[in-house]
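Subject: Structure handover

Hello,

Here is the structure I promised to pass on. My notes follow below it.

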Amino acid sequence: MKTPMVILLVMTLCFFSVPCKAQSEQKLEPKLENITWICGNWEGEAFGGQTEEYWSKPSAGSMMGTFKLINNDKVSFYEFVIIREIEDSLILQLKHFNHDLKGWETKDQTVDFPLKEITSNKIVFGGITFEKINDSEMNVFVKMKQKDGTIETLKFNYKK
């Protein structure tokens, strides 16, 4: 007789715990105003050096970002990044540049990451995820293809 009570208790706990998780992971509309928490100046470490990332506030249907990697007091590379509204969604597009601003991609080529979902503390693009830790800390996870063809996820921890 105790076994059915245990099963009922477990089922009840599962039933009531699901809505709580669902509420905290509620998906938000693909609008720039729902991702403004990434705005500002961020600093961290990656690739054996110091990183700097800046995100502007939304204007004219887009947000602008820059990234800089510094190794041994010299710039290794830059990225110019935009997130823009397109066809009722968002897309993150970027271009890489050497320290002397010579581009990695061809003139008309960008590296594009379509939006997958937004929650109150996450922005998931295909290959890049922004995760809010608090108002002054975030993680950015980037999936990178390695020379051997495998995919590795790199974590960038940033602080304002």
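E105 sits in the loop that links strand 5 (89–98) to strand 6 (111–119). Please keep in mind that this is a predicted model.

I looked at E105 in some detail. It is buried, yet it forms no salt bridge. Why no salt bridge? The nearest side chain of opposite charge belongs to K95, 5.2 Å away, and a salt bridge needs the charged atoms within 4 Å. E105 does have a polar partner: its side chain makes a polar contact with the side chain of H96, at 2.6 Å. Setting aside neighbours within four places in sequence, E105 is in contact with K95, H96 and V111.

Now the overall layout. The protein has one helix and 10 strands. Buried residues account for 31% of the 160 residues. Of the contacts between residues at least 6 apart in sequence, 32% join residues at least 24 apart.

Next, the nonpolar side. The largest nonpolar core has 30 residues. I38, I83, L92, I123, F125, I128 and F130 have the most contacts inside it. In soluble globular proteins, nonpolar side chains tend to be buried together.

I83 is one to click on. Not counting residues up to four places away in sequence, I83 touches L32, I35, I38, W55, G61, S62, M63, L90, I91, L92 and F125. Among these, I38, L92 and F125 are also on the list of residues with the most contacts inside the core.

Best wishes

Conventions: Residues are numbered from 1 along each chain as its sequence is written. This is a predicted model: local features need pLDDT of at least 70, side-chain atom pairs count only at pLDDT 80 or more; totals for chains, interfaces and linings use all residues. Side-chain values use heavy atoms; hydrogens and water are left out. Helices (H or I, at least four residues) and strands (E, at least two) are DSSP runs, numbered from the N terminus. Buried means under 20% relative accessible area, exposed over 50%, partly exposed in between (1.4 Å probe, protein chains only). Lys and Arg count as positive and Asp and Glu as negative; His and the chain ends are not counted. A polar contact is a pair of N or O atoms within 3.5 Å; within protein, one must be able to donate a hydrogen and the other to accept it, and residues adjacent in sequence count only if both atoms are side-chain atoms. Contact means heavy atoms within 4.5 Å. A nonpolar core is a set of buried Ala, Val, Leu, Ile, Met, Phe, Trp, Tyr and Cys residues joined through side-chain atoms within 4.5 Å.
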